[in-house]
Amino acid sequence: MPARPHAPGRVVTDIDVAIIGAGSAGLSAALVLGRCLRRVLVLDGGAPRNAPSPAVQGFLTRDGTRPAQLLELGRAELAAYESVEIKQARVTAVRVCGKHFELTLEGPTGRQSTRTARKVLLATGVEDELPPIKGMRDLWGRGVLHCPYCHGWEVRDQPVAVYGRAKLVTGLALLVSRWSPDVVVCVEDPANLTAHARRRLRRQRITVREEPLVRLEGTAGGELRHLVFETGAKLARAALFIHAHQHQRSPLAEQLGCRLTGKGAIWVSKEQQTTVKGLYAAGDNTPGTQQAILAAAEGSKAAISINETLTREECPK
């Protein structure tokens, strides 16, 4: 591809935009930027958060698609844009160098290299912190679920449970009751469940179980069968919804001095710009509802903002 003119005095970098993360947000951003003839490097650091899930749901034209297949389709589309490169590498450091960035990459063999970019997009996602209950990790994504919008339809009209701390469990249980008339709440700290919360749950015929939950029983394929309590009692359930705590999958935002919200998300402006100039973020690592289609939309939004910023820099007043 022929070189594009650049404004006098601007440092020439290896690429225009480095996208860290190759999930829905990162690939969507790369698609938009590729169509803008931008030189883009997408850095794929590993499997996405939804890898254990059997399907991506609620994604228009792709409802029920396997997570890996959705990304394969996205990568195949990007092959048409010669200015976009996808590289399997982990970004170990990002350094601000005046008006551009220097990235240190580590490949699959451990070999390190550097790339310079005018803008960087963090599409690195989050990690879920699951409760330390036996069987929880084994059933995560199939029998243990985090999002009723993503998975409620698949367990509709079946007996389900909701687990969590008193502060969060009521809202999630009331939401889940839209999909099932048989919802049981298992409270991690029942002493903190207020009388008002109990009344709200009772009105929806949601039962509260206060004895400690100690184990989940399920199939080798990840389907939930029983909740097992400290007393030894078992409760048959088709799914358990939880409101898991999360943390940033990558430490880069914190290392660069980005402002984080009280819940640990990367604060962004309406243009997806972080508090570090030239650094953007999109997807689950930012505040708001977390779904693949919303992450893809944020990636597209960030890409448009990045391209328009680059254009202003190239076409000074």
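Ala, Val, Leu, Ile, Met, Phe, Trp, Tyr, Cys and Pro count here as nonpolar, Asp, Glu, Lys and Arg as charged, and the others, Gly among them, as polar. The model in these views is predicted.

**View A. The lining of the largest cavity.** The structure holds one cavity of 30 Å³ or more. The largest cavity has a volume of about 40 Å³. Its lining begins with G283, D284, T286, P287 and T289, and continues with Q290, Q291, L294, A295 and E298. By class, the lining of the largest cavity has three nonpolar, five polar and two charged residues.

**View B. The second largest pocket.** This pocket has a volume of about 800 Å³. Its lining takes in 28 residues. Nearest the centre of the pocket lie H243, A244, Q246, G288 and Q290. Two strands, strand 7 (126–129) and strand 16 (245–248), each give two or more residues to the lining. So do two helices, helix 3 (148–151) and helix 4 (166–176). The lining of the second largest pocket divides into 11 nonpolar, 13 polar and four charged residues.

**View C. Helix 1 against helix 2.** Helix 1 covers residues 24–35, and helix 2 covers residues 67–78. The two axes come within 10 Å and cross at roughly 20°. Angles under 35 degrees count as roughly parallel, so helix 1 is roughly parallel to helix 2. The crossing of helix 1 past helix 2 is left-handed. Helix 1 brings S24, L27, A30 and L31 to the contact. From helix 2 come L70, L71, G74, R75, E77 and L78. Six nonpolar, two polar and two charged residues make up the contact of helix 1 with helix 2.

**View D. Helix 4 against helix 5.** Two packed helices are described by the angle between their axes and the distance between the axes. For helix 4 and helix 5 (residues 195–203), the angle is about 10° and the axes are 10 Å apart. Helix 4 and helix 5 are therefore roughly parallel to each other. On the helix 4 side, the contact holds T170, A173 and L174. On the helix 5 side, it holds A197, R200 and L201. The contact of helix 4 with helix 5 counts four nonpolar residues, one polar and one charged.

Key:
Residues are numbered from 1 along each chain as its sequence is written. This is a predicted model: local features need pLDDT of at least 70, side-chain atom pairs count only at pLDDT 80 or more; totals for chains, interfaces and linings use all residues. Side-chain values use heavy atoms; hydrogens and water are left out. On a 1 Å grid over the protein atoms alone, a cavity is a set of points where a 1.4 Å probe fits but cannot get out, and a pocket is an open set with protein on both sides within 12 Å along at least five of seven lines; lining residues have an atom within 4 Å of a point. Grid points are joined across faces, edges and corners, and a volume is the space filled by probe spheres set on the points. Axes are lines fitted to C-alpha atoms, for helices over the stretch in contact, and angles run from 0 to 180 degrees between N-to-C directions. Helices (H or I, at least four residues) and strands (E, at least two) are DSSP runs, numbered from the N terminus. Angles under 35 degrees count as roughly parallel, over 145 as roughly antiparallel, 65 to 115 as roughly perpendicular and the rest as oblique. A crossing is left-handed if the near helix is turned anticlockwise from the far one by less than a right angle, and right-handed if clockwise. Contact means heavy atoms within 4.5 Å.
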